[in-house]
Amino acid sequence: MSLPFTDLNHVLTTTRSVRLRLDYDRPVPIGLIGECLQLAVQAPAGGGAEDWRWLVVGDPTLKAELATLYHAAYQEYVHQPLHSAAGADSDLVRGLGTVITTLHLHHAASVAALLGIPDDAVQITMLPVAYTVGTDFKVAARRPVDAVSYLDRWGTPSPYRDKPVDRLTGEDHG
């Protein structure tokens, strides 16, 4: 018997933010990005607003300028704090990977100017998309659901107990 959510569960439980495994030398066709966006706009929208907008950047020069802004924010807000004396000293279905990032928002005005984003548009995130290098994604070690969720009130323990990932079928909730 085939379990109903197996493929989706595999993607959801094994796909991490793959910023270190993106193949930036292999262009992603705009048609494939369009398919992903077509699926994305099917997501629930609060109040049926559907007021999202997507700005796809394919121009290599713009990408390089965005990378410069992102790298500057990374250096200031991630690298330097982690490597300071006070910080720690620690050095899919379509084959695409991404990671939600907001570091570019430290330079939101520059990004808006670069991409022609109007003043009344709110930048929320940047999603760099590329094909992944390798497909050997594995389930990550995460805290159990009952350690990160509550029922009805903050602090009231959740009765849910994690199951092995291969038993997440959407069934047997009696």
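A salt bridge, in turn, is a side-chain nitrogen of Lys or Arg within 4 Å of a carboxyl oxygen of Asp or Glu. Accessible areas come from the Shrake-Rupley method with a 1.4 Å probe, and for residues only the protein chains shown count as cover. The model is predicted, so local features need pLDDT of at least 70 and side-chain atom pairs count only at pLDDT 80 or more, while totals for chains, interfaces and linings use all residues. Residues are numbered from 1 along each chain as its sequence is written, and side-chain values use heavy atoms, with hydrogens and water left out.

The protein chain has five helices and three strands, taken as DSSP runs numbered from the N terminus (helices: H or I, at least four residues; strands: E, at least two). Read along the sequence, these elements follow the pattern α-β-α-α-β-α-β-α. Of the 174 residues in the protein chain, 17% count as buried, where buried means under 20% relative accessible area, exposed over 50%, and partly exposed in between (1.4 Å probe, protein chains only). The protein chain exposes about 13,100 Å², of which carbon and sulfur atoms supply 58%.

The three strands form an open sheet in the order S1-S3-S2, with antiparallel pairing; two strands pair if DSSP finds at least two bridges between them. S1 and S2 each have a single partner strand and stand at the edges, so one side of each is left without a neighbour in the sheet. Strand S1 (residues 22-23) is joined to strand S3 (residues 129-132) by two bridges, with Leu22 opposite Thr132. Strand S2 (residues 96-98) pairs with S3 over three bridges, and here Leu96 has Tyr131 as its bridge partner.

Turning to the interior, nonpolar side chains tend to be buried together in soluble globular proteins. A nonpolar core is a set of buried Ala, Val, Leu, Ile, Met, Phe, Trp, Tyr and Cys residues joined through side-chain atoms within 4.5 Å. The largest one here has six residues, namely Leu66, Leu69, Val111, Ala112, Ile117 and Met126. Helix H3 (60-83) and helix H4 (108-115) are the elements that give two or more residues to this core. A second, separate core has five residues, including Val28, Leu32, Ile33 and Tyr131. Leaving aside residues up to four places away in sequence, Met126 touches Leu66, Tyr70, Val99, Ile100, Thr101 and His104, contact meaning heavy atoms within 4.5 Å.

On the surface, Ile30, Val41, Trp54, Val56, Ile100, Leu127 and Val129 form a nonpolar patch with about 630 Å² of accessible area together. Two of its members are worth a look in the viewer. Ile100 lies in the loop between S2 and H4 and counts as exposed, at 65% relative accessibility. Val129 lies in strand S3 and counts as partly exposed, at 37%. Val129 and Thr98 are 31 residues apart in sequence, yet their C-alpha atoms are 4.8 Å apart in space. Besides Thr98, and not counting residues up to four places away in sequence, Val129 touches Val28, Ile33, Leu96 and Gly97.

Finally, the structure holds one salt bridge. Asp146 forms it with Arg161, the closest N and O atoms being 3.0 Å apart. Asp146 lies in helix H5 (residues 145-148) and Arg161 in the segment after H5, so the pair ties together parts that are 15 residues apart in sequence. Asp146 is partly exposed, with a relative accessible area of 28%.

Conventions: Patches are made of residues with over 30% relative accessible area and no salt bridge: like charges are joined within 9 Å, nonpolar side chains (Val, Leu, Ile, Met, Phe, Trp, Tyr) within 5 Å.
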